[in-house]
Amino acid sequence: MIVVLNKDELRIIKEQDVVPYRNRVKEHAVKIGMGLVNQTKLITAASELVRNMLKYGGGGIAIIETVSKGRENGIRLIFSDKGPGIKDISLAMKDGYTTGRSLGLGLPGTKRLVSEFNLESEEGKGTTVTVIKWKNG
Amino acid sequence: MDKIPILKMSDFLLVTIQVDLYDQLAENLESDLINMVKKYNSHGVLIDISAVSIIDSFMGRILGNIAMMSKILDAETVVVGMQPAVAITLIELGLPLKGVHSALNVEKGMALLRSKIHNIEQDTLTDDSSTE
């Protein structure tokens, strides 16, 4: 069972919100003693997802949580927007697929950087992405 | 408006990124740099990213673009000082930074740029002599 120890919520509505958000994620990761490599992976994943939310979902809410499961501590990030949603999730998770003008690495690349990855989306209603990075994961 | 300073050093342009870049800032850097390459007729661009703690796919694309754009303006790009954790993350993300040369530090980066330009000059010299 996952227990939430600490919760932080930020509204992301413009590009300039990204850097403070990344810093906040870093603070949380440092606080639980996450190593530098995992920290970098987590912040990079956060950066990708928050950009997706801005670009495709028109902004939304980003939640940062310190969580623990048994002896393990980690950071859970939740991104929820009320954008158009993703039509075909399996296609969106494919390397190199993009509807924008990016490289199409965002979602599949991000999945590789975190310990747990979950994407829920409904067309016309919005998208919620949840990722967890365990301290030693 | 924030701006990343670009320094001209003889034939080269030198950029040190010391802040976390947001998208607009990175895009401005890209266009400023390309304009400066043309303006100063530079043959090399050196980008120091030793203070950059994360590079995501957007930032990676900007670096790749700078390298490719400089290349067609006859300038080489070297990225120096990447942190090991950033390198690990980039590869796992699936971003190999094609077309971007790299070096461990500014000194080695400068040496690499010089050797590349030197080679090109020598090549053209030998080409000239062979046609004569």
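In the predicted model, A:Glu72 of β3(A) is the bridge partner of A:Lys69. Strands β2 (residues 60-69) and β3 (residues 72-81) of chain A are antiparallel and share 10 bridges, two strands being paired if DSSP finds at least two bridges between them. Helices (H or I, at least four residues) and strands (E, at least two) are DSSP runs numbered from the N terminus. Two residues separate the strands of this hairpin, and A:Gly70 has a positive phi near 65 degrees. On strand β1 (residues 2-12) of chain A, which runs antiparallel to β2(A) with 10 bridges, A:Glu9 lies opposite A:Ile63.

The model is predicted, with local features requiring pLDDT of at least 70 and side-chain atom pairs pLDDT 80 or more, while totals for chains, interfaces and linings use all residues. Residues are numbered from 1 along each chain as its sequence is written, and chains are lettered from A and ligands numbered from 1 in the order in which they are written.

A:His28 belongs to helix α1 (residues 18-31) of chain A. A:His28 counts as buried because 21 other C-beta atoms lie within 10 Å (buried, 20 or more; exposed, 12 or fewer; partly exposed in between; C-beta atoms placed from the backbone). Leaving aside residues up to four places away in sequence, A:His28 contacts A:Asp8, A:Ile64, A:Thr66 and A:Ile75, a contact being C-beta atoms, placed from the backbone, within 7 Å.

Notes
Two residues are in contact if their C-beta atoms, placed from the backbone, lie within 7 Å.
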